[in-house]
Amino acid sequence: MSIIDSLRALVAACPFIDDFAATHVDFTDQTKPQNYGLFPTGEVLLSVDMAGNTRWQYNFVLQAVEFTAEDAARLANVAFVERFCTWMQAQNRTLPDLGQGLDAEMLLAQNGQFVDIAEDGQSGTYQVLCSLIYEREVQ
């Protein structure tokens, strides 16, 4: 299982994201509000210990395409972003299984924001910047 598969399974457990298992990776459909995508944005090597074990930061973005035509919808979307960040932080109590030789240490979710509006003005894209800190053990 890849790290993105593990993160996708984790987010699928979020109680207020419907049908997340069918969500895209590296894509959202701007023409269909209420769809989501995970976008890996790269890994950063944080440290290497004397035994050769490495500590990494895996960065990714959750993007949500939502209705934005009315103020009430935009307010609900901002509340969704806040709730998602809080929910992700709470997952530090039960970190995802990343597979053999990889140990999750911490999840971060921050900087939730509105980033784009569709040409018709009916939907927009919101995103949350996320990181997974993990250790890769020498095999």
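Me: What share of the 139 residues of the protein chain counts as buried, and what makes a residue buried?
Reply: The share is 42% of the 139 residues. Buried means under 20% relative accessible area, exposed means over 50%, and partly exposed lies in between (1.4 Å probe, protein chains only). This is a predicted model: local features need pLDDT of at least 70, side-chain atom pairs count only at pLDDT 80 or more, and totals for chains, interfaces and linings use all residues. Residues are numbered from 1 along each chain as its sequence is written, and side-chain values use heavy atoms, with hydrogens and water left out.

Me: How many helices and strands does the protein chain have, and what makes a run a helix or a strand?
Reply: There are 2 helices and 5 strands. Both are DSSP runs, numbered from the N terminus: helices are H or I with at least four residues, strands are E with at least two. From the N terminus on, the order is α-β-β-β-α-β-β.

Me: How do you know where the buried residues of helix 1 lie?
Reply: Helix 1 spans residues 3-12, and its buried residues are Ile3, Ile4, Ser6, Leu7, Leu10 and Val11. Seen down the helix axis, they fall within an arc of 155°, so they line one face of helix 1. The arc is that of the directions from the helix axis to the C-beta atoms. Their cover includes strand 2 (35-48), strand 3 (54-67) and helix 2 (71-90).

Me: What makes strand 1 and strand 4 edge strands?
Reply: The open sheet has 5 strands in the order 1-2-3-5-4, with mixed pairing. Strand 1 and strand 4 each have a single partner strand, so one side of each is left without a neighbour in the sheet. Two strands pair if DSSP finds at least two bridges between them. Strand 1 and strand 2 run parallel and are joined by 2 bridges, so they meet that cut-off.

Me: What makes a set of residues a nonpolar core, and how many residues has the largest one?
Reply: A nonpolar core is a set of buried Ala, Val, Leu, Ile, Met, Phe, Trp, Tyr and Cys residues joined through side-chain atoms within 4.5 Å. The largest has 31 residues. Among those with the most contacts inside it are Tyr58, Phe80 and Phe84. Helix 2 gives the most to this core, with 6 residues.

Me: Why is the pair of tyrosine 36 and phenylalanine 80 called an aromatic pair, and is it stacked, edge-to-face or tilted?
Reply: Rings of Phe, Tyr and Trp (its six-membered ring) pair if their centres lie within 6.5 Å. Here the centres are 6.0 Å apart and the planes 40° apart. Planes under 30 degrees apart count as stacked, over 60 as edge-to-face, and the rest as tilted. So the pair is tilted. It links strand 2 to helix 2, 44 residues apart.

Me: What makes the pair of phenylalanine 80 and phenylalanine 84 stacked or tilted?
Reply: The angle between their planes is 25°, at 6.3 Å centre to centre. That angle is under 30 degrees, so the pair is stacked. The two residues are 4 apart in helix 2, which means about one helical turn separates them.

Technical notes
Contact = heavy atoms within 4.5 Å.
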